[in-house]
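I opened this model today to look up a few spots, one at a time. My notes follow, in the order I looked.

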Amino acid sequence: MSHGPRTGLAAVSSALLAMSRHLEVRDVLKTIVASARELLDAEYAALGVPDDHGGFAQFVVDGVSDEQWKAIGPLPRQHGILAAMLHRTGPERLADVRKDPRFEGWPSAHPDLADFLGLPIRDGDEVIGALFLANKNCATKPEGGCGFTEDDEELLGILAQHAAIALTNARLYERSRELTIAEERSRLAHELHDAVSQKLFSLRLTAQAAAALVDRDPARAKGELQQVAALAAEAADELRAAVVELRPAALDEDGLVATLRDQIRVLDRAHTARVTFTGNGVKALPAAQEEALLRVAQEALHNALRHSGADRVDVTLDRRGTGAVLRVTDDGTGFDPHAVRRAGRHLGLVSMRDRANGAGGTLTVESAPGKGTTIEMEVPGG
């Protein structure tokens, strides 16, 4: 009794479930191309999301190494076969893409493609992507024919329909998150304005009082000046607490490793302590995990540079499986993690643990009085 159909159905089911599991657009695209290449047993698969300027906003490949992809160069433009796919309603199956009159060549580092199967991904009347596979892995091919079959066309059509749903949902999720971030920025701006304005108003009045007392009552003037210093510190804390919650644009544009490296370079220049960063093999992670890692790193660095008296702070970000491990180590005074010390330090640890848990990760703290501190956070990846 043959088990082929059951195995095939299970594979398709697994692929569709994998597509629906991710909420980030980039993760969805990678899952679609990997699933399509595996299910149709092709050497290469790719998916492009068109932009409004004749290019592709995103282009994801499977079956090409990172080194090959870098050597290929810039993302393709909407021309030749790719342009045709974006304007078709059905699949395109070719025995040899190189012999098609629409073929316009590819960069020298590009892998050699022959038989080809592609189709547009559509959301209603809108084409939201172009999905294609090349070089079917099969023992024999029909004379002058394509290794991809009508059954492959049908299967790719099913994948494309579900890919459209998964991609649309991911876009809606990201749009929802953008709106949430915008609302949060607005709320924080109001909070920042109110809190800092009140502190600065008190600061100005206290400074005026100190100025009036400096000649006739120096002792009271000294007390007022001490209050000025305290209010200034509170204003700075209010500012930091609000601003640190804003997701920096650099994280979206440059990625976690580059953002951490840039911020740590600034801290190294701004403080007497030596601050270093090392990143080893970390690939892109889901956005929520990258943001949590960045926030924990910022909080740990703040504690180390402001409270520990450290001469050196080392930050490392290493790949671990599909995820990553962040480690912030200082040679400062250290503390007892199990005891509630200063409220700021304690609340910082609580905040870091909440961020780690919220991103599906874990946080560990190693410290002892006089022994420095190591904060470690691990996330699972996508």
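**Glu92.** I started with Glu92 and found it in strand β3, residues 92-94. Strands here are DSSP runs of E with at least two residues, and helices are runs of H or I with at least four, all numbered from the N terminus. Is Glu92 buried or exposed? It counts as buried, because its relative accessibility is 8%. (Buried means under 20% relative accessible area, exposed over 50%, partly exposed in between, with a 1.4 Å probe and protein chains only.) Next I checked what Glu92 touches: leaving out residues up to four places away in sequence, I got Arg102, Phe116, Leu117 and Gly118. Contact means heavy atoms within 4.5 Å. With Arg102 there is also a polar contact, side chain to side chain, at 3.1 Å. That term asks for a pair of N or O atoms within 3.5 Å; within protein, one must be able to donate a hydrogen and the other to accept it, and residues adjacent in sequence count only if both atoms are side-chain atoms.

**A word on the source.** I keep in mind that this is a predicted model, where local features need pLDDT of at least 70 and side-chain atom pairs count only at pLDDT 80 or more, while totals for chains, interfaces and linings use all residues. Residues are numbered from 1 along each chain as its sequence is written, and side-chain values use heavy atoms, with hydrogens and water left out.

**Ser308.** I then went to the loop between α9 (287-307) and β7 (312-320), where Ser308 lies. Ser308 is buried, because its relative accessibility is 3%. What does its side chain reach at 3.2 Å? I found the backbone nitrogen of Ala310 there. A polar atom of the Ser308 side chain also lies 2.5 Å from the backbone oxygen of Ala304.

**Two positive phi values.** Asp41 is not a glycine, yet I read a positive phi near 55 degrees. Asp41 sits in the loop between α2 (25-39) and β1 (42-50), and at 37% relative accessible area it is partly exposed. Asn135, also not a glycine, has a positive phi of about 60 degrees. I located Asn135 in strand β5, residues 126-136, and at 10% relative accessibility it counts as buried.

**Helix α8.** Last, I looked at α8, which has 15 residues, 256-270. Its first and last C-alpha are 21 Å apart, close to the expected 21 Å, which is 1.5 Å times one less than the number of residues. Its buried residues are Leu256, Thr259, Leu260 and Ile264. They sit on the same side of α8, because they cover an arc of only 120 degrees around the axis. The arc is taken from the directions from the helix axis to the C-beta atoms.
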